[in-house]
Amino acid sequence: MKINIFEGFGHVLLEVTFALLPLIIFFLIFQFFFLKLEKQKIINIGKGFILSFFGLALFLQGVHVGFFPAGELIGETLGSLSYNWVLIPIGFVLGFVATFAEPAVRILNHEVEKVSGGYISQKVMLYTLSIGVAVSIAVSMVRILVGIPLWYFVIPGYLIVIIMMFFSSKTFTSIAFDSGGVATGPMTVTFILAIAVGVASAIEGRDPLIDGFGMIALVALSPILSVLILGVLYERKGGKSKDEVKSEA
C-alpha cells in the first residue's frame, strides 16, 4: 500500500505556526521595549525560529506517518505472541534507549552539571534517568500483561516520593521533580506509548483506552524516584552539598 508521507502536512504546519506565534510576539515586544538586542543577535534568533518551525513540523509529520503506526504495529505483533512475556525485557531496553536519546534529558543533564559546578555529572544523571524510565516501561508492560490497575503503582509510588523527600537534599528534590517532566519527552510519548496501546489492543481482555494509557504517568514518576535515590546515595557516601562545594571554592 502506497503511503503519502505529506498527507496532512498542511494541518501540521498550521499547528506549529499557532504554537510558535505567541513566542515570536512576546519576543518582539520584549525586544522593542526592554532587550534592544543588536542586529546580529536578532538575525541569529530569527534563524533559530525558522529552524524550530521546520524541525517541529517535520517531527510531528514523522510522528503522524511513521512513529505512531510503527509503534502500534510492533505492539500488536508482540502482544499477540504466545510468549508475550518478552515485552518486559523489550520494554526495559526501549525505555533505556529512548531516554538515552531524549534531547530534553541531555539539556537538563547539561544544566544540572553546569549549575552544580560538576558536583552532579551529566553521565550519572543520564544513566540514572535512563534506568529509571527503563524500569517504569518494564513495569508498565507487566501491568498490561497481568491487568493490574494503574493506581496500584501511582499512589504507593508518590507516597514513597513524599517519604524520600525527607531523606534527600533540597538540590536533588528540585532536580527530581524537573526530571519527571523532562523524561516524558517526544521519544517516549510518540513511540513507546503507541507500542503500549498496540499491546493492549492485541491481548484479550485488555482495553487499549484503560490499560494502554497510563504508562506516561509511571514514566513521569520513575525519574523522580531514581533521582531521589541518587540523592540519598550521594549523602550516604558523604558527598558534600552544592552550597558546601561553592563555599570551599
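## Basis of the description

Contact here means heavy atoms within 4.5 Å. The structure is a predicted model, in which local features need pLDDT of at least 70 and side-chain atom pairs count only at pLDDT 80 or more, while totals for chains, interfaces and linings use all residues. Residues are numbered from 1 along each chain as its sequence is written, and side-chain values use heavy atoms, with hydrogens and water left out.

## Overall fold

The protein chain has 11 helices and zero strands, where helices (H or I, at least four residues) and strands (E, at least two) are DSSP runs numbered from the N terminus. Read along the sequence, the pattern is α-α-α-α-α-α-α-α-α-α-α. Taken along the principal axes, the C-alpha atoms fill a box of roughly 60 × 55 × 25 Å.

Of the 249 residues in the protein chain, 36% are buried; buried means under 20% relative accessible area, exposed means over 50%, and partly exposed lies in between, using a 1.4 Å probe and protein chains only. Among contacts between residues at least 6 apart in sequence, 81% join residues at least 24 apart.

## Helix H2 against helix H8

Two packed helices are described by the angle between their axes and the distance between the axes. The axes are lines fitted to C-alpha atoms, for helices over the stretch in contact, and angles run from 0 to 180 degrees between N-to-C directions. For helix H2 (residues 39-79) and helix H8 (residues 186-202), the axes come within 7 Å and cross at roughly 35°. This crossing of H2 and H8 is right-handed; a crossing is right-handed if the near helix is turned clockwise from the far one by less than a right angle, and left-handed if anticlockwise.

On the H2 side the contact is made by Phe59, Val63, Phe67, Phe68, Gly71, Glu72, Ile74, Gly75, Glu76 and Gly79, which meet Pro186, Met187, Val189, Thr190, Phe191, Ala194, Ile195, Gly198, Val199, Ser201 and Ala202 in H8. By class, the contact of H2 with H8 has 13 nonpolar, six polar and two charged residues, where Ala, Val, Leu, Ile, Met, Phe, Trp, Tyr, Cys and Pro count as nonpolar, Asp, Glu, Lys and Arg as charged, and the others, Gly among them, as polar. Ala202 in helix H8 is partly exposed, with a relative accessible area of 30%, and, leaving aside its neighbours within four places in sequence, Ala202 is in contact with Glu76, Gly79 and Ser80.

## Helix H10 and its partners

Helix H7 (residues 170-183) and helix H10 (residues 215-236) pack at an angle of about 155°, with their axes 7 Å apart. That angle makes H7 roughly antiparallel to H10, given that angles over 145 degrees count as roughly antiparallel, under 35 as roughly parallel, 65 to 115 as roughly perpendicular and the rest as oblique. The crossing of H7 and H10 is right-handed, and the residues of their contact divide into 13 nonpolar, four polar and no charged.

H8 also packs with H10, at an angle of about 130° and with the axes 10 Å apart, which makes H8 oblique to H10. Thr188, Val189, Ile192, Leu193 and Ala196 of H8 and Met215, Ile216 and Val219 of H10 make this contact, and these residues divide into seven nonpolar, one polar and no charged.

## Nonpolar cores

A nonpolar core is a set of buried Ala, Val, Leu, Ile, Met, Phe, Trp, Tyr and Cys residues joined through side-chain atoms within 4.5 Å. In the largest such core, of 21 residues, Ile120, Met125, Phe172 and Val227 touch the most other members. The elements that give two or more residues to this core are helix H4 (103-115), helix H5 (122-146), helix H6 (151-165), H7 and H10, with the largest share, seven residues, coming from H10.

Leaving aside its neighbours within four places in sequence, Met125 is in contact with Asn109, Val112, Ile120, Ile175, Ser179, Val227 and Leu230. A second, separate core of 19 residues includes Leu78, Leu145, Ile195 and Ala200.

## Individual residues

Lys36 is found in the loop between helix H1 (9-35) and H2. Lys36 has a phi near 55°, a positive value in a residue other than glycine, and is exposed, with a relative accessible area of 56%.

Tyr127, in helix H5, counts as partly exposed at 37% relative accessibility. Beyond its neighbours within four places in sequence, Tyr127 is in contact with Phe96 and Phe100; Tyr127 and Phe100 are 27 residues apart in sequence and 7.7 Å apart in space, C-alpha to C-alpha.
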